[in-house]
Every structure is written in C-alpha cells, then in structure tokens.
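Here is a friendly briefing to read alongside the model.

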Amino acid sequence: MEINKEKLGNKRQDYLSWDEFFMSIAKLAGARSKDPSTQVGACIVDENNRVLAIGYNGTPNNFNDDEFPWDRDGEDLETKYLYVCHAERNAIANGNRLSLKGARIYVDLFPCNECAKEIIQFGIKEVIYLSDKYANSKETVASKYLFDKSNVTYRQLEKEHQKTLKLSIKPDVPVTYLDD
Ligand SMILES: [Zn+2]
C-alpha cells in the first residue's frame, strides 16, 4: 500500500528536544524543594532516554522539614549546609535499584564536589547543567577537576535550548513557550 506523500511527516515542530525535556523535569523537581533560597532539581537518564531517577535538594529521610535549620547565615551548626541533601545525591539515592552506569544527569546548578564524587562513583558519564553561578567557589573548581580526572564530561545546556515554558496543570491547557 502507498500512502499519499502529502499525508506524511506533518508532525508538530515545536516539541521539546530531549535535553529540553529532561532539564524541564529537573527544574520541575526543584519546585518540590522547601529550601527558601535555593531550589535545585536533578534528573538522571539512561542512553535510551529513559528517566532513571529524579531528586531535589531537601532534608535527609525522616528529618522533619519543620524542624530543619533552613538559614544560610549564622553559626555553621545552625545553618542548612551541614545537613541538607543535594538534588544530585537524592536523585542517585532514588535510583539505587537501577544501574546508573553510562547515564547522564541534568541539573540546574553545577554540581558541588561532594555530588561530583557520587556522580563519578555511580558511573554517570555526563553532566548537563544550566547555571554555573558558583564557578569560582572551591567546591566547583574541585568538582570540575574531579570530573576532568575521572572522564565525566559536562556541558551547559545551549542558550538556544534555554526556553521559558508556561506549564499549566489545568485540563486542556497546552504548554506554551514564552520567549519564542
Ligand atoms: Zn552537591
């Protein structure tokens, strides 16, 4: 059977690329965070573009987030930094039933050195990030050194893919792109 060629290939053109899709998932995961100053999400994907795991920055399991020191400033033991679990670590923990070997991770902020070590040890091979706003911090410098030495590649999502989506969770309202 032959189908009239004019009937073929009339697909929608403004669909999300895989990179855009997975970074959107990472961002959406970050919206679950209760951290008042920084919301980070991560999405781990295998070579076949299947989502393996998702995470966001938050409290350790069973740690009541109403009793968590969310502040950024103050005595070390009274701020979040020593206690919070980063998005990448949570995504890796959430994926613990699966092999993450050869996977890639989408995260909206460049991973710190502690997360970099987890990413490396679990066999994740590529990091795709949006923001590198702490590029000069020792954590980020160390993170890049770890990735370089351990053959984990990293790249920023290209500017042309950094879109603004308007996502509605109401029926029959499609996703729209605000900056097209
Ligand atoms: Zn981290």
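Helix axes here are lines fitted to C-alpha atoms over the stretch in contact, and the angles between them run from 0 to 180 degrees between N-to-C directions. With that in hand, the axes of H3 and H4 come within 8 Å and cross at roughly 20 degrees. Please keep in mind that this is a predicted model.

**Overall layout**

- The protein contains four helices and seven strands.
- Read from the N terminus, its elements follow the order α-β-β-α-β-α-β-α-β-β-β.
- The C-alpha trace spans about 70 × 40 × 35 Å along the principal axes of the protein.
- Of the 180 residues in the protein, 28% are buried.
- Among contacts with a separation of 6 or more, 58% come from residues 24 or more positions apart.

**Helix H3 beside helix H4**

- Angles under 35 degrees count as roughly parallel, and H3 and H4 are therefore roughly parallel to each other.
- Their crossing is right-handed.
- On the H3 side, the residues that meet H4 are Asn113, Ala116, Lys117 and Ile120.
- On the H4 side, their partners are Glu139, Ala142, Ser143, Leu146 and Phe147.
- Sorted by class, this contact of H3 with H4 has five nonpolar, two polar and two charged residues.

**Helix H2 beside helix H3**

- Helix H2 covers residues 87-94 and helix H3 covers residues 113-121; their axes come within 9 Å and cross at roughly 25 degrees.
- That angle makes H2 roughly parallel to H3.
- H2 passes H3 in a left-handed crossing.
- H2 makes the contact through Glu88, Arg89 and Ile92, while H3 contributes Cys115, Glu118 and Ile119.
- By class, the contact of H2 with H3 has three nonpolar, no polar and three charged residues.

**How enclosed is helix H2, and what surrounds it?**

- Six of the eight residues of H2 are buried, so this helix is largely enclosed by the rest of the structure.
- The buried residues in H2 are Ala87, Glu88, Arg89, Asn90, Ala91 and Ile92.
- These buried residues pack against H1, E1, E2, strand E3 (104-109) and H3.

**A closer look at Arg89**

- Arg89 lies in helix H2, and it counts as buried because it has 21 C-beta neighbours inside 10 Å.
- The cut-off for a buried residue is 20 or more other C-beta atoms within 10 Å.
- Leaving out residues up to four places away in sequence, Arg89 touches Cys115 and Glu118.
- Arg89 and Lys11 are 78 residues apart in sequence, and their C-alpha atoms are 38 Å apart in space.

**Helix H4 and the residue that follows**

- Does the length of H4 agree with its residue count, or disagree?
- Helix H4 (residues 138-149) has 12 residues, which at 1.5 Å a residue should span 16 Å; its end C-alpha atoms are 16 Å apart, so the two agree.
- The expected span is 1.5 Å times one less than the number of residues.
- Just after H4, Asn151 takes a positive phi of about 60 degrees.

- Most residues other than glycine have a negative phi.
- Asn151 has a positive phi of about 60 degrees although it is not a glycine.
- Asn151 sits in the loop between H4 and strand E5 (153-156).
- Asn151 counts as exposed, because it has 8 C-beta neighbours inside 10 Å.
- Asn49 also has a positive phi, near 60 degrees, and is likewise a residue other than glycine.
- The place of Asn49 is the loop between strand E1 (41-45) and strand E2 (51-56).
- Is Asn49 buried or exposed?
- Asn49 is exposed, with 10 other C-beta atoms within 10 Å.

**Ser17, ahead of helix H1**

- Ser17 is found in the segment before helix H1 (18-30).
- Ser17 is partly exposed, since 13 other C-beta atoms lie within 10 Å.
- Ser17 and Ile124 are 107 residues apart in sequence and 21 Å apart in space, C-alpha to C-alpha.

Notes:
Residues numbered from 1 in each chain as written. Predicted model: local features only at pLDDT ≥ 70, side-chain atom pairs only at ≥ 80, totals over all residues. Helix = DSSP H or I, 4+ residues; strand = E, 2+ residues; numbered from the N terminus. Parallel < 35°, antiparallel > 145°, perpendicular 65-115°, else oblique. Left-handed = near helix turned anticlockwise from the far one by under 90°. Contact = placed C-beta atoms within 7 Å. Nonpolar A, V, L, I, M, F, W, Y, C, P; charged D, E, K, R; others polar. Buried ≥ 20, exposed ≤ 12 C-beta atoms within 10 Å, placed from the backbone.
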